[in-house]
Amino acid sequence: MPRPSRLAGAVTAALALSLLAAAPAVSDQDAPPQARIIAHFDLAAGQTPENIALEPDGSADLTFAFARQVARVTLRGDTRVLATLPAVANPNTPLLHNALVLGIARAHDGTLYVNYATGTSRTGVWRLAPDGSAPVQIAHLPANGLPNGLALDERRGVLYAADAVRGTVWRVPQQGGTPTAWATGTPLGPLPAPPASGFGANGIKVHHDAVWVSNTDRGTLLRIPVRPDGSAGPIETRASGLGAIDDFAFAGHHSDTVFAALIQANQVVRIRPDGDRSVVLTREDGLSNPTSVAVRGRSVYVPSAAYFTQQDPNLLLAHLRGHFPRLPG
């Protein structure tokens with residue numbers, strides 16, 4: 001999520017859904033996608049889809065940031081609210097000054113984890129059990145931080161939360177407990193002066209024994225190796241000059257190709273390991289400030305929050321097929 005200094009009222013998002021769990025990974029030879037919007041959301045109700053996790057049947061679990069909700073959207077576009085995070089009397093979240101539900105991650109048993117930013121002691125990681133019971137806070141994060149993206153490493157039993165304001169990646173036990181400042185440093189922080197948005201570390205994923213993080217202000221995609229003892233290795237810059245990058249996803253389990261949401265440019269771009277960049281989706285396809293990406297096989301889901309456009313927050317589903325136009329740089 002970017003700084004909403006220009007946001008007018010409640011905001012909503014668009015997201016894209018995937019079809020076949022067993023489909024082959026997206027190929028570097030693929031080109032212009034077939035795209036359609038499968039669900040439109042209510043901006044006035046705060047239905048600003050910020051982040052996404054996929055269910056086995058292709059349904060998408062979304063966080064509606066300003067509504068403080070987690071919702072499930074089917075491939076037919078049917079939307080059901082799974083949970084609403086508890087209201088906070090006087091939210092004081094940095095930059096946003098609202099209580100917001102941001103990153104989401106799904107465990108193999110259907111448990112969902114979300115970041116809740118409030119500016120109070122309720123800021124932290126919350127768990128939503130598959131049985132539909134009330135959300136439970138499992139870790140407290142600093143009230144003066146902004147936990148944005150969230151990633152789960154079930155093999156190690158930990159969650160990683162990207163703090164956009166404090167420039168920190170927090171490591172949290174999956175079962176809950178005390179968080180650790182796992183990685184910090186200038187590459188994770190926001191730019192220190194205008195026209196900076198104040199948003200540093202934003203999206204986050206675990207991939208190939210590393211934690212990957214996007215930095216919105218710096219327009220970078222970072223890789224942080226996970227050492228054998230679980231500690232963080234040196235921060236590596238894998239791509240730069242991206243503009244306002246939000247969250248992202250990998251093309252497959254065995255691929256280092258990334259599909260990233262550029263929230264201000266209204267684009268999803270493909271970033272190959274060699275640095276080649278291609279535009280995959282644009283505003284003409286229905287994007288309206290895209291916030292995150294999920295990939296399954298050759299299908300790409302993109303939620304759009306309409307934070308700046310203030311028009312048509314939605315969830316978009318694209319099926320990738322061919323060659324993409326190369327970006328300069």
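What percentage of the 329 residues of the protein count as buried? The share is 61%, and it belongs to a predicted model. The views below take you from the whole chain to single pairs of side chains.

Figure 1. Welcome to the overview. The secondary structure comes to 24 strands and zero helices. Of the contacts with a separation of 6 or more, 56% are made by residues 24 or more positions apart. The accessible surface amounts to about 12,400 Å², and carbon and sulfur atoms account for 49% of that area.

**Figure 2. The largest nonpolar core.** Here we look at a set of 16 residues. Those that touch the most other members are Y160, V169, W182, L188, I204, V213 and I224. The most comes from β11, which supplies three residues.

**Figure 3. A close look at I204 and its contacts.** Setting aside neighbours within four places in sequence, you can find I204 in contact with a list of residues that includes Y160, V169 and V213. Also on that list are G149, L150, A151, A161 and A162. V211, W212, D247 and F248 are contacts of I204 too.

**Figure 4. E55 and R106, a salt bridge between distant parts of the chain.** The closest N and O atoms of this pair are 2.9 Å apart. E55 sits in the loop between β2 (49-54) and β3 (60-64), whereas R106 belongs to strand β6 (residues 100-106), and 51 residues separate the two. With a relative accessible area of 8%, E55 is buried, while R106, at 22%, counts as partly exposed. Both residues also take part in a network of salt bridges with D61 and R72.

**Figure 5. D247 and K205, a salt bridge between two strands.** In this view the side chains meet at 3.0 Å, N to O. D247 lies in strand β18 (residues 245-250) and K205 in strand β14, 42 residues apart, so the pair links distant parts of the chain. D247 is buried, with a relative accessible area of 1%.

**Figure 6. R156 and D153, one more salt bridge.** The structure holds twelve salt bridges, and our last stop is the one that joins the side chains of R156 and D153 at 2.8 Å, N to O. R156 is partly exposed, at 25% relative accessibility. D153, by contrast, is buried, with a relative accessible area of 6%.

Technical notes: Residues numbered from 1 in each chain as written. Predicted model: local features only at pLDDT ≥ 70, side-chain atom pairs only at ≥ 80, totals over all residues. Heavy atoms only, no water. Helix = DSSP H or I, 4+ residues; strand = E, 2+ residues; numbered from the N terminus. Buried < 20%, exposed > 50% of the residue type's maximum accessible area, 1.4 Å probe, protein only. Contact = heavy atoms within 4.5 Å. Areas by Shrake-Rupley, 256 points an atom, 1.4 Å probe, with all protein chains shown as cover. Core = buried A, V, L, I, M, F, W, Y, C linked by side-chain atoms within 4.5 Å. Salt bridge = Lys/Arg side-chain N within 4 Å of Asp/Glu carboxyl O.
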